[in-house]
Amino acid sequence: MKNKRYAIVLDTHRCLDCKACTVACKAENDVPLGTQNYRNWVGPEPLRGSYPNLGQSFHPSQCNQCANPPCNEVCPTSATGINADGIVTINHDRCIGCKYCMLACPYDARYYNAEEGVLDKCTFCIQRIAVGRIPACVETCPTKVRAFGDLNDPNSEVSILLSENDHRVLKPELGTKPFLFYLN
Amino acid sequence: MSILFEKYGNKVWFVLLGACIIAAAVASANVFLVGHEQTFNTSRGVPWGILISTYVFLAISCSGLCMISSLGHVFGFHEFDMISRRAILLAILCLFGAFASIGMELEHPFKMFYTVLSPNLQSAIWWMGTIYGIYLCVLIVEFYALMTNNHKISNITGVVGLLFAIAAPSMLGAVFGLVLARPFWHGSFLPVYTIITAVVSGTALIILVMYFQHYVRGLEMDDTDRRVIRLLGRILRMVLFLLIFSVFWNVVMGLYGKQPGSYEPVMAMISGSLSVNFWLGEIIIGLVVPMGLLIRKDRTPFTTMLASLLAIVGMFFMRYDMTISGQLYPMRQRTDLVGGLFSYTPSVTEILIVLGCMAFSAMVYTLVERYMSLDLKSEDHS
């Protein structure tokens, strides 16, 4: 059977900054309390215009599940890896907590889980995918900012969204080949 | 003054080092009881703090000592044979101090065996750790050979040690230089710059040791000692000159074109949160004053020692600034950061551990100097 290539497509125009995705992710993945501990986030864009004509957009993000991830190259113990479906994983048993991957990641996707003494990040909720469910952040979003699916399947929602819409990835110049796509 | 130092200096020195080691032990216990997150000021934005920069400082000093030591027993400049034992001993102890510093940074240092069980040969840290690990073994064999006057082995370990002494700091520079996401670090500059700075640290340290081992024991320097210190001063002057160029171009490259990720860290050093470190620590204490002392024709062993002491202090600031400034620029747009950059100030716990690592190296060195003869027979002063 052909492997899957999972991706998330985001339509940031729909984001309300409610942060339900961050809360759902923390609950699903036992992310420790603390302002620096999160697997996904919503970043506010700068204000547009001037008073009283103001506007603001928000930029939700998470691990880009790069096909060429810098975090994988730098890990001295091969704790970081890429599974058959393209998800970048961390083997917590092997992680020595050197934090080199945190510095190497151009997307600030990783945080240090002090409770376990290891690095952690988004895995598209790999434990949910294994039982046929979609990531918690995708499921919980009230405005459906995120769509999740298999890019190897031309009929999946993500494949159709990308074929029908102009889109971009973050920092393409770095050659990381991200699988987190943003609709323009 | 020298008699006074002989009477009280030793006690003061040991009390000072002992206090630092005890304080560091208490701080370390606190780290393991309370947790790294609560005791260190590192963060998601600045995950590498002063313990990493101290590791860099000590590990590169180790390599520099080995390079200087090789002048005698590898390149055949026999005036320098007299510094070999001390340089290699100090190199070993610097490396132990460096390992202690990085070991305290890791929450699970004992998981390091995974570097052997599941190595990643693409990782610069893997290569750095492996090279420094083997290098430590080579240095220990070399020290044993030097102490037992086994020239056959010391010649072999001298050459092998020199190769490692060049490869190790270069690989350490590559740990930073290979981080594509951090423009301030990324590139071929750091792997070369670290070799230059290794010679600065190594030369300065061995000058300090030569000066103080005479001073503390109340010995007069003979003509050979004075000539060697003068030659070492010249070497230090030359590498400081190269370092001034390196620092100058590093700053200009960062400022030119205001490239995001390069410009902001340089500005943090020039006029931001690291400006005192940069101007006072790196430039004035580390470069200008030592250079001023070393270009004097009438320089004495004392002024050469003073220049070395200041250069060493400057190197410490240089390591710190290089490590921290590269992390200050956020990887994504942030509206919650003052001035758009992360900030970092080491915690008291981190500072105490740093002092402890250095005090440990200095304490063991002083004890070995006191109870073992590190002089060659030809220069035995006893």
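This is a predicted model: local features need pLDDT of at least 70, side-chain atom pairs count only at pLDDT 80 or more; totals for chains, interfaces and linings use all residues.
Residues are numbered from 1 along each chain as its sequence is written, while chains are lettered from A and ligands numbered from 1 in the order in which they are written. The model comes with an ipTM of 0.91 and a pTM of 0.93. For chain B, the average pLDDT is 91, with 97% of the residues at 70 or higher (pLDDT is the predictor's confidence in each residue, from 0 to 100).

**Chain B: overall build**
- Chain B has 13 helices and zero strands (both are DSSP runs numbered from the N terminus: H or I with at least four residues for helices, E with at least two for strands).
- The radius of gyration of chain B is 21 Å, close to the 21 Å from the globule rule for 382 residues, so chain B is as compact as a globular protein of that length (the radius is taken over C-alpha atoms, and the rule is 2.2 Å times the number of residues to the power 0.38).
- Along the principal axes, the C-alpha atoms of chain B fill a box of roughly 65 × 50 × 40 Å.
- Of the 382 residues in chain B, 50% are buried (buried means 20 or more other C-beta atoms within 10 Å of a residue's own, exposed means 12 or fewer, and partly exposed is in between, with C-beta atoms placed from the backbone).
- Take the contacts in chain B with a separation of 6 or more: 78% of them link residues 24 or more positions apart (a contact is two C-beta atoms, placed from the backbone, within 7 Å).

**The nonpolar core**
- The largest nonpolar core has 170 residues, and those with the most contacts inside it include B:Ala59, B:Leu65 and B:Ile206 (such a core is a set of buried Ala, Val, Leu, Ile, Met, Phe, Trp, Tyr and Cys residues joined through C-beta atoms within 7 Å).
- Helix H3 (residues 50-73) of chain B gives the most to this core, with 15 residues.
- Leaving out residues up to four places away in sequence, B:Ala59 touches B:Leu95, B:Ala98, B:Tyr132 and B:Leu172.

**A loop residue in chain B**
- B:Gly339 sits in the loop between helix H12 (301-325) and helix H13 (348-371) of chain B.
- B:Gly339 counts as exposed because it has 12 C-beta neighbours inside 10 Å.
- B:Gly339 and B:Ala268 are 71 residues apart in sequence, and their C-alpha atoms are 9.9 Å apart.

**A sheet in chain A**
- Four strands of chain A form an open sheet in the order E10-E1-E12-E11, with mixed pairing (strands pair if DSSP finds at least two bridges between them).
- The edge strands are E10 (146-150) and E11 of chain A, each pairing on one side only.
- Strand E1 (residues 6-10) and strand E12 (residues 180-183) of chain A run parallel, joined by three bridges, and A:Val9 has A:Phe181 as its bridge partner in E12(A).
- Strand E11 (residues 167-168) of chain A pairs with E12(A) in the antiparallel sense over two bridges, and A:His167 has A:Leu183 as its bridge partner.
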